[in-house]
Amino acid sequence: MTSTRAEFPCSELSLEGVWHLPDVEGLYPGVIVCHPHPQYGGNMSDHVVVAICQALSRNSIAAFRFNFRGVGRSGGSFGGGIGEQEDIKAALSFVMSSPGIDGERMGLAGYSFGAGVALSVAVQDERVGRLALVSPALFGDGWEKLKGYTKPKFLAVGDADFVLRLDNFRKHIKDVAEPKQYQVISGADHFWWGYREILAEKVADFFTAGFSQA
């Protein structure tokens, strides 16, 4: 697998990203991975984000991580979760128009803040076929959006997560629409110390299994 830096447009902004490409021939599925909250140090170099991208590429899936507006070399400034939705849509357009990508097999993944923004895009953008949410920081109507989202989805949380409490997760997950998969990892906290590779493989397994059936 290889990693390559890229730039792509989002309206008048230029955003930066990194490809993780598998060493395979032909068309391959694509997954965009969204990072945690920019105002708390989140960026595309987050260890959880990178681990997921690496696991995806090992499974013959092209992964693309990028910096939201105002982060790193991406232009603009923090968009309060609204502008970041436009960033994801622009990333989808960029990835789907890139050589080697099968636009019929596109997925979206997000971690913490990135999960909430990814969900907001997935419920309105038909290009997203599968959705993975890691330690999703869902507030306001976030859980209501997820409950009505009927495409395949996977959620992963740690039972020691201090942002998404396990009792709150269990209260909501039972009402989330099928098809759904979820995993509670014993011992893992919000930052996934010591559990990142386990998490990454579970996310990759979800996408691999789904794309193989598409």
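The model is predicted, so local features need pLDDT of at least 70 and side-chain atom pairs count only at pLDDT 80 or more, while totals for chains, interfaces and linings use all residues. Residues are numbered from 1 along each chain as its sequence is written, and side-chain values use heavy atoms, with hydrogens and water left out.

**Exercise 1. Helix H6**

Work out which residues of H6 are buried, where they sit around the axis, and what covers them.

*Solution.* 

Step 1. Start with the element itself: H6 runs over residues 196-213 and has 18 residues. Helices are DSSP runs of H or I with at least four residues, strands are runs of E with at least two, and both are numbered from the N terminus. From first C-alpha to last, H6 reaches 26 Å, close to the 26 Å expected at 1.5 Å a residue; the expected span is 1.5 Å times one less than the number of residues.

Step 2. Next, sort by accessibility, where buried means under 20% relative accessible area, exposed over 50%, and partly exposed in between (1.4 Å probe, protein chains only). The buried residues of H6 are Arg196, Leu199, Ala200, Val203, Ala204, Phe206, Phe207, Gly210 and Phe211.

Step 3. These residues cover an arc of only 150° around the axis, which puts them on the same side of H6. The arc is that of the directions from the helix axis to the C-beta atoms. An α-helix has 3.6 residues a turn, so residues three or four places apart point the same way. On the other side of H6, Ser212 and Gln213 are exposed.

Step 4. Now look at the cover, using contact in the sense of heavy atoms within 4.5 Å. It includes helix H1 (47-58) and the strands E3 (28-34), E5 (101-111), E6 (130-134), E7 (153-158) and E8 (180-185).

**Exercise 2. Salt bridges**

*Solution.* 

Step 1. Apply the rule: a side-chain nitrogen of Lys or Arg within 4 Å of a carboxyl oxygen of Asp or Glu.

Step 2. Take Glu197 and Arg58, whose closest N and O atoms are 3.8 Å apart. Glu197 lies in helix H6 and Arg58 in helix H1, so this pair ties together parts that are 139 residues apart in sequence. Glu197 is partly exposed at 46% relative accessibility, and Arg58 is partly exposed at 43%.

Step 3. Turn to Glu86 and Lys89, a salt bridge with its closest N and O atoms 3.4 Å apart. Both residues lie in helix H2 (residues 83-96), three residues apart, about one turn of the helix. Glu86 is partly exposed, at 40%.

Step 4. Then there is Arg127 with Asp125, where the closest N and O atoms are 2.8 Å apart. Arg127 is partly exposed at 29%, whereas Asp125 is buried at 10%. Through shared partners, salt bridges also join Arg58, Glu197 and Glu201 into one network.

**Exercise 3. Cysteines**

Decide how many disulfides the structure has.

*Solution.* 

Step 1. Look for pairs of cysteine sulfur atoms within 2.5 Å. A search of the whole structure finds zero disulfides.

Step 2. For Cys10, the nearest cysteine sulfur is that of Cys34, 12 Å away; Cys10 is buried at 4% relative accessibility. For Cys34, the nearest is that of Cys53, 9.7 Å away, and Cys34 is buried at 0%.
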